[in-house]
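Please examine the structure before reading on.

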Amino acid sequence: MSYFFSFLMASILTALSYLLGSRLVTNGIATWKALVIGISVVSIGAITEALGAPIWLIILMPFPVGMYLLYLFLKKPFQTWLFTYLTTLFLYTVFHIIASYLFHFHSLIPAWKLS
């Protein structure tokens, strides 16, 4: 599987988790906003990995980006945002498990293949 396809798939699955998570809790964010979050989160993870950062930093870096963008786009009180983010993380985990099984990814950062 090419890196571009892996990146695209990871971005779409991440965006889908934000889109569905926001729609389950609130009226939801627009699809283009979910795509912005998905592409941003996957990009920061891929860039951090490409720079040779330690694994803990590669895992940590995408979280504040996704959290901030969701807060910015959602425009809801903190408690609503927090519940939406936790719902999104749950969905992301489900998608992660499915993608790991079907596409042999260790995570939804495209460069990380299962060993």
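Q: How do you know that the span of helix H2 agrees with its number of residues?
A: Helix H2 covers residues 31–50, and its 20 residues at 1.5 Å a residue should span 28 Å. The expected span is 1.5 Å times one less than the number of residues. The end C-alpha atoms of H2 are 28 Å apart, therefore the two values agree. A helix here is a DSSP run of H or I with at least four residues, numbered from the N terminus.

Q: What kind of model is this, and what conventions apply?
A: This is a predicted model, in which local features need pLDDT of at least 70, side-chain atom pairs count only at pLDDT 80 or more, and totals for chains, interfaces and linings use all residues. Residues are numbered from 1 along each chain as its sequence is written, and side-chain values use heavy atoms, with hydrogens and water left out.

Q: What is the confidence of the chain?
A: The mean pLDDT (the predictor's confidence in each residue, from 0 to 100) is 86, and 90% of the residues reach 70 or more.

Q: Why is Ile12 called partly exposed?
A: Ile12 is found in helix H1. Buried means under 20% relative accessible area, exposed means over 50%, and partly exposed lies in between (1.4 Å probe, protein chains only). Ile12 has 45% relative accessibility, so it counts as partly exposed.

Q: Which residues of H2 are buried, and what covers them?
A: The buried residues of H2 include Lys33, Ala34, Ile37, Gly38 and Val41. Their cover includes helix H1 (3–25), H3 and H4, where contact means heavy atoms within 4.5 Å.

Q: What makes up the largest nonpolar core?
A: A nonpolar core is a set of buried Ala, Val, Leu, Ile, Met, Phe, Trp, Tyr and Cys residues joined through side-chain atoms within 4.5 Å. The largest one has 13 residues, and Tyr18, Ile29, Ile37 and Leu70 have the most contacts inside it. H1, H2, H4 and helix H5 (78–103) each give two or more residues to this core, with H4 giving the most, four residues. Not counting residues up to four places away in sequence, Ile29 touches residues including Tyr18, Ile37 and Leu70.

Q: How far apart are the C-alpha atoms of Ile12 and Ile37?
A: The C-alpha atoms of Ile12 and Ile37 are separated by 9.8 Å, and the two residues lie 25 residues apart along the chain.
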